[in-house]
Amino acid sequence: MTAVLERTHAPLGRVVGAEVRWVLRRPRTLVVLGLLALIPVAVAIGIAVAGRGGRGLIAQVAGNGFVLPVVALGLALTLLLPLAVASAAADAVAGEAGSGTLRGLLVAPVGRARFVVMKAAGVITVAVLAVLIIAVVGMIAGTVVVGGPGSLITLSGTTLGVGEALGRIALVAVWTIGQLLAVGAVALAISTFTEHPLVVLACVLGGMIVFGVLGAIPSLDWLQPLLLTTGFGAGTDVLRDPLPLDGLESSSLRALVYVVLGVGVTFWRMARRDG
Amino acid sequence: MSVTEQTLETRTDPSSGTVLEPAARLRDLRKTYGSVTAVDGVDLDLPAGAVVGLLGPNGSGKTTLIRMLLGLTAPTAGRVELLGHDGTQLERALPDVGALVEGPGFHPFLSGRDNLLRAAACEPRLDGDLRAPVDAALGRVGLTEAARRRYRGYSLGMKQRLGLAAALLVPRRLVVLDEPTNGLDPAGTRDVRRVIAELHGAGTTVLLSSHLLAEVEAVCTHVAVLARGSLLVSGELATLLASDGELAVTVDDPARGLAALRAAGFAAYLRDDALAVTEVDPPEVVAALVHAGVGVWEVSRRRAHLEELFARLTEEDA
Amino acid sequence: MRRRWFGAAGAVAAAGAVVAGVVGIGTASAQPQLPPVSPEDLVASVMTAQPGPFNGTVGIDNELGLPALPGAPQLGNGQQSARVWSGGDGKGRVALPSGDGEKTLVSDGTTRWVYDATDRTATRSTGGAPEQKDPQTDPAGASAQIIGDLRKTSQVAVDGTAEVAGRPAYTLVLTPQPSERTMLREVRVAVDAEKRIPLQLTVLATGSATPALQIGFDDVTFGPQDPSLFTFTPPPGTTVKDAPARGQGAPGAPDRQGPPQGSRTVGDGWDRVVVFQRPAQQPGRQAPQGAPDLNALGTPVTGPFGNGRAITTAVGTAIVTDDGRVAVGAVPEPVVAEALGTK
């Protein structure tokens, strides 16, 4: 009991656990995760109805069910996954400030650095769950609705067995989580500057659009290595054979830089922010 | 609680529980937002074990003062010492501080109990099963019945009670209550007063902010009056209320009473059918009247200074 | 209030700087110390180099100013990269990735496959030259070919050393002799110091500091390659086609290069002009969608050859005459016109 009386912070595990439970009980989180699960289902049904034909990556799913989780993740990464993660980050700090719960946590006291850890854990939880849901539902829908040869036909025209196909899907899932953590870290940093969650969502949405536009302007080529969205297409590389790692590595490295900066700004800001 | 010239360096070890050591000290505390000064050079001690009423009209800087006391807002200048910790160490005092600031803040989609469980998970002083202290706190504020309902459906009073429960999750050394009776019905107000009395009985220091003199008067031992960010007056409630006051004595025969008092050497005059006596020793006044055969109905102190001061403040505010 | 936004702006600026640092903008290439070599020896060693199996990534930076043509999108301006594997004995594999697909070229030495993932078609061709490489994705082959073509009409020099794809290399510079009437200023070839294969080819046009074309390895690894890379089995659901006879190459087939049938060349070296008859529209076959209407391009010209239209780019000129003749060269318009006039 003496230890408890001298303790200045609650055990981190308990705090993080409470945060994750809170995130998972938030209706908005559940709705978003449910909507994300619909993406692979919608693609699968579309492919089943339309059959073959058409171009683009979605056409690769036809008769090649294992591609579905990869394609669904790639589609979702363009907008919906970043928004899902940004929404979690928006609620994490701006939302708590807006609902008046932030000061309760700070007075408890959670500790301002631990607060960032706790909130990061919540955002990571959402990012991981969102990706896993798309990947798992994608695999199920790919197998049940689309079907296929029980193997994955790569873009290079080679055929991968089930084990390697699952490995590729796991790889793209982990990579996607990495990209989302970059979005989440930046969103968390924005979240510490406002008490309106919508501001965070608007910034992330606007940022994605601006990055997309900047990335499409040829005379701004030099800017491309700086834009997080530049690497978003690298997930498709898991469908190539032999597996090229360059794009996955460079985009992951870029995401890491964004994570470091986002988390750094979050720590810096939370150390000063009014509760 | 008049401001002493005690320096911050003379504090004793907080764990020794020295009763005389103030629970909090504010020194020349100042907060400005741009060109607006919210708190302007406040010096204030919260004596250990006292129930301190922080009085002031809306917008007088009460909440900003409390936020700086709790480390939620960084002061522009000045020092805060809380339970023996100051500066960057302020947070070390917070486990022993319960607070209800700026109204209750909870998540609408969780029940009152789940909200408290989440808060309890962050309390350093709690260990093991969190449900027992949560249920105890809910019981203490009379929310046991509604504990499992969603916060979304709570009335304003229930929300206020839940906020109070969160401040009471752990036995505290200091409890800070910012306008705790906002939105409460008379029964709720009585409950809050009971809780404050219990805290006072257990030796907890309480800081109660309010814009109602009556509320402060009902429960506080000390009072500090804030207006436009400055501390106008502070000290023991009884002293402040009595300070240049006079006795108002209601008797069955005012004319005879007046004669009796004057005969006994008291400075007395008749006002509003009551006897106004400038002598401040009530037993002597009553004894003189009774001795003269005058029936005494009521003796009370006129609280001229504080009441008039506060009335003036709130009128300006209105 | 204001200060925190300054903080945010500072953070964003720092983010940019760190990203730039990590991703490696503006990497300076060191100049490795290598034993001197004479231009003649360097050229000779390039022509006889046997690099053996290797794999690598090739970057193509194209500023030629040509319109993008269907079937050969990599001719259009822009940057592209390709992954190449060479078995060293006529076997090879090239992967041309695009955002939503990939084109794969596989040769096992006798049979060549082109697999296009976007429409899941595999085109097979057999026979022909055993090791005909796609110049777009083979800096070694393209460079060797160009060195062979140009060395007689060039001043050849070794201009120091460079590091390409992490390997030390000699820089071979071919400058047209003054008598050559070309729009090109020089061709620079980075030759691997050890393996003596060209690692990078840079074409510079007159009056421009930026390369008109640069093909080079971004990275290259020499060593044995997995033999399964050089075989191709069409996956289930693939439409398999056999390529038509050579010369009428299907889009993307590796025999796309080389002058069309019935062509003749005028001049040699830098100012060589190729003249050929424009293929007539085949009956029943529509022009590929998006193909440029050659009649609308360029500016009208008139000369001894008749009337036509001249298309001038940074590195060359083409004249399409109204009677269907085409002349192309890395030369100014008068030279092309003159070539059309010669019989």
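Which residue of chain A forms a salt bridge with B:Arg118? The partner is A:Glu96, and the closest N and O atoms of the two residues are 2.6 Å apart. The model is a predicted one.

**Extent of the B–A interface**

- On the chain B side, 32 residues are in contact with chain A, and on the chain A side the number is 33.
- About 2700 Å² is buried between chain B and chain A, with 54% of this area on carbon and sulfur atoms.
- Within chain B, the residues that lose the most area to chain A are B:Leu72, B:Arg118 and B:Cys122, which together make up 24% of what that side buries.

**Polar and charged links between B and A**

- Polar contacts join 16 residue pairs across chain B and chain A, counting pairs in which both residues have pLDDT 80 or more.

**Make-up of the chain B side**

- At least two residues of the side that touches chain A come from each of β6 (97-100) and α2 (112-121) of chain B.
- The element that gives the most to this side is α2(B), with four residues.
- By residue class, the side of chain B that touches chain A has 18 nonpolar, five polar and nine charged residues.

**Aromatic pairs**

- Over all chains, the count of aromatic pairs is six.
- In chain C, the ring centres of C:Trp113 and C:Phe232 are 5.3 Å apart and the ring planes lie at 45 degrees, so this pair is classed as tilted.
- C:Trp113 sits in strand β5 (residues 111-116) of chain C, while C:Phe232 sits in the loop between β11 (213-222) and β12 (239-242), so the pair links parts of the chain that are 119 residues apart.
- C:Trp113 and C:Phe232 are both buried.
- C:Phe232 also pairs with C:Tyr115, again in a tilted arrangement, at 5.6 Å centre to centre and 45 degrees between the planes.
- Because C:Tyr115 lies in strand β5 of chain C and C:Phe232 in the loop between β11 and β12, this pair ties together parts that are 117 residues apart in sequence.
- C:Tyr115 is buried, as is C:Phe232.
- In chain B, ring pairs link B:Phe106, B:Tyr151 and B:Tyr154 into a cluster.

Definitions and conventions: Residues are numbered from 1 along each chain as its sequence is written. Chains are lettered from A and ligands numbered from 1 in the order in which they are written. This is a predicted model: local features need pLDDT of at least 70, side-chain atom pairs count only at pLDDT 80 or more; totals for chains, interfaces and linings use all residues. Side-chain values use heavy atoms; hydrogens and water are left out. Contact means heavy atoms within 4.5 Å. Buried area is the accessible area (1.4 Å probe) that two parts lose on being put together, summed over both. A salt bridge is a side-chain nitrogen of Lys or Arg within 4 Å of a carboxyl oxygen of Asp or Glu. A polar contact is a pair of N or O atoms within 3.5 Å; within protein, one must be able to donate a hydrogen and the other to accept it, and residues adjacent in sequence count only if both atoms are side-chain atoms. Ala, Val, Leu, Ile, Met, Phe, Trp, Tyr, Cys and Pro count as nonpolar, Asp, Glu, Lys and Arg as charged, and the others, Gly among them, as polar. Rings of Phe, Tyr and Trp (its six-membered ring) pair if their centres lie within 6.5 Å; planes under 30 degrees apart count as stacked, over 60 as edge-to-face and the rest as tilted. Buried means under 20% relative accessible area, exposed over 50%, partly exposed in between (1.4 Å probe, protein chains only).
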